[in-house]
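Thanks for coming. I have one model to go through today, so let me put it on the screen.

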Amino acid sequence: MENRLNHERLIASLEELGKIGVGKDGQRNRLALSDGDKAARDLLCKWIKEAGLDLKIDPIGNIFGVLSGTEDGDPVIAGSHIDTVPNAGMFDGCVGVLSALEALRTIAGKKLPHRRSLAVAAWTNEEGSRFLPGVLGSSVFVGDLPLEKALAARDFSGVTAGDELARIGYAGCDTLKASAYMEFHVEQGPFLDAQKLEIGVVTGITGLSRWDVTYKGEANHAGTTPMNLRHDPLVAASKLHLAMSAAAAEKNAVFTVGHVEVSPGAVNVVPGRTFFTIDLRSQDRTVLDELHVRCEAEIRRCAREEGVDVECIPTDHSDPVSFAPGMIEKVERFAKLRGLSNRRMGSGAGHDAQVFAPRVPTAMIFVPSIGGKSHCPEELSDMNLICQGAEILTDCLLELANE
Ligand code: HGY
Ligand code: MN
Ligand code: MN
């Protein structure tokens, strides 16, 4: 199959977007609704308009570029996100948004026939690093999360998403719906690169549970307090971390404590308070449910054993999702037609596609993450494979738009 897209333009757009949000320290920070995110949004909107697409922004700040088809009806949407985790790489999310933009630029420019409308989407706050829950914008879009609740989400400094959305000028009023959804993304894991495969045909997305946990013990003198008289919240948190890491490993699940605060935080003071986040995931619904219950029991057990008080707040949950067989087959067929080595695989990362899968025909395409690295500056994928993945995305969009 011939290549349709302008690969140089796609690569150049990825590199230009990748420069946005990079601070003097060299770190790329485009946390949702931050100034860095605004700058990236502004650039994307500029490109959408230059491509002659109809720019739309909805009430939670999701950005769309719509290319009308010859028939009425809801668009086939291809999207991802441009917000990042702290100190991020340049590929997570951006590959999907810019490949979708390049696909629509090409379809419009070459006047390729498409009965159904098409749209590129950039979803607000996919990462959940600043505001919880993650996949916030797409969850509001499909109706899983009430707009008011999403706008009321607060970051660690207490600022609300609604205030930040207004501050950066992205509280829109457009509405649209998806008739099908495609997402192209870097794998963010080690399997394709380790097996030297070119394309991942994604079969589904992991489920996850997240909590904010606070253990309150007794601050005391580090030198005079015997070990058996301590009520150290960090010991409780450490016991929990070890117990649940082992439990997750046994079940091929994953358990992460990504954010920890210890106070008062002095070298010679036994901590009085520990706050930390938990991210627990499995692609198997039964395993996730079982470990969810086990985790909440362990949180309480470790508190009891160390004599500390506990506050445990669930902050996010999504069940594992599977994509429709016909959509998986579509991606696989085009990967084969393009002579690209490929395998079916689940996604250990969450994606906006997870909110669409239960509602409309949905599929994802992966390209390898070199060394399996992601959510870090070392994140790297082969630009040629990214262009090939974008060609498959275009194949799928054109087929969906004329079905
Ligand atoms: O956390 C995730 O899995 C995604 O990268 N937001
Ligand atoms: Mn992502
Ligand atoms: Mn991510």
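First, the ground rules. This is a predicted model, in which local features need pLDDT of at least 70 and side-chain atom pairs count only at pLDDT 80 or more, while totals for chains, interfaces and linings use all residues. Residues are numbered from 1 along each chain as its sequence is written, chains are lettered from A and ligands numbered from 1 in the order in which they are written, and side-chain values use heavy atoms, with hydrogens and water left out.

Start with the manganese ion that is ligand 2. Which residues coordinate the manganese ion (ligand 2)? They are H81 through NE2, D92 through OD and H185 through NE2, at 2.1 to 2.3 Å. Donors here are N, O and S atoms within 2.8 Å of the metal, or 3.2 Å for Na, K and Ca; water is not among the atoms, so sites may look incomplete. Along the sequence, the donor residues of this ion follow the spacing H-x10-D-x92-H. H81 sits in the loop between strand 3 (76-80) and helix 3 (94-109) and H185 in strand 5 (residues 180-186), so the pair ties together parts that are 104 residues apart in sequence. Helices (H or I, at least four residues) and strands (E, at least two) are DSSP runs, numbered from the N terminus.

Are these two histidines, H81 and H185, buried or exposed? H81 is buried, at a relative accessible area of 0%, and H185 is buried as well, at 1%. Buried means under 20% relative accessible area, exposed over 50%, and partly exposed in between, with a 1.4 Å probe and protein chains only.

Now the other manganese ion, ligand 3. D92 coordinates both manganese ions, ligand 3 and ligand 2, which are 3.5 Å apart. D92, in the loop between strand 3 and helix 3, and H375, in the loop between strand 16 (362-367) and helix 12 (383-401), link parts of the chain 283 residues apart. D92 is buried at 6% relative accessibility, whereas H375 is partly exposed at 40%.

Next, ligand 1. Around it are E126, E127, Q188, R210, R281, A349, G350 and H375, where being near takes a heavy atom within 4 Å. As for distances, a polar side-chain atom of E126 lies 3.0 Å from a nitrogen atom of ligand 1. An N or O atom in the side chain of R281 is 2.6 Å from an oxygen atom of ligand 1, and for R210 a polar side-chain atom lies 3.5 Å from an oxygen atom of the ligand. The protein covers 92% of the 210 Å² of accessible area that ligand 1 has on its own, by the Shrake-Rupley method with a 1.4 Å probe.

Last, the two single residues. G207 is in strand 7 (residues 207-216) and is buried at 0%. Its contacts, meaning heavy atoms within 4.5 Å, include R281, S282 and D319, setting aside residues up to four places away in sequence. K38 lies in helix 2 (residues 35-50) and is partly exposed at 28%. Beyond neighbours within four places in sequence, K38 is in contact with I168 and Y170.

Note on methods
A polar contact is a pair of N or O atoms within 3.5 Å; within protein, one must be able to donate a hydrogen and the other to accept it, and residues adjacent in sequence count only if both atoms are side-chain atoms.
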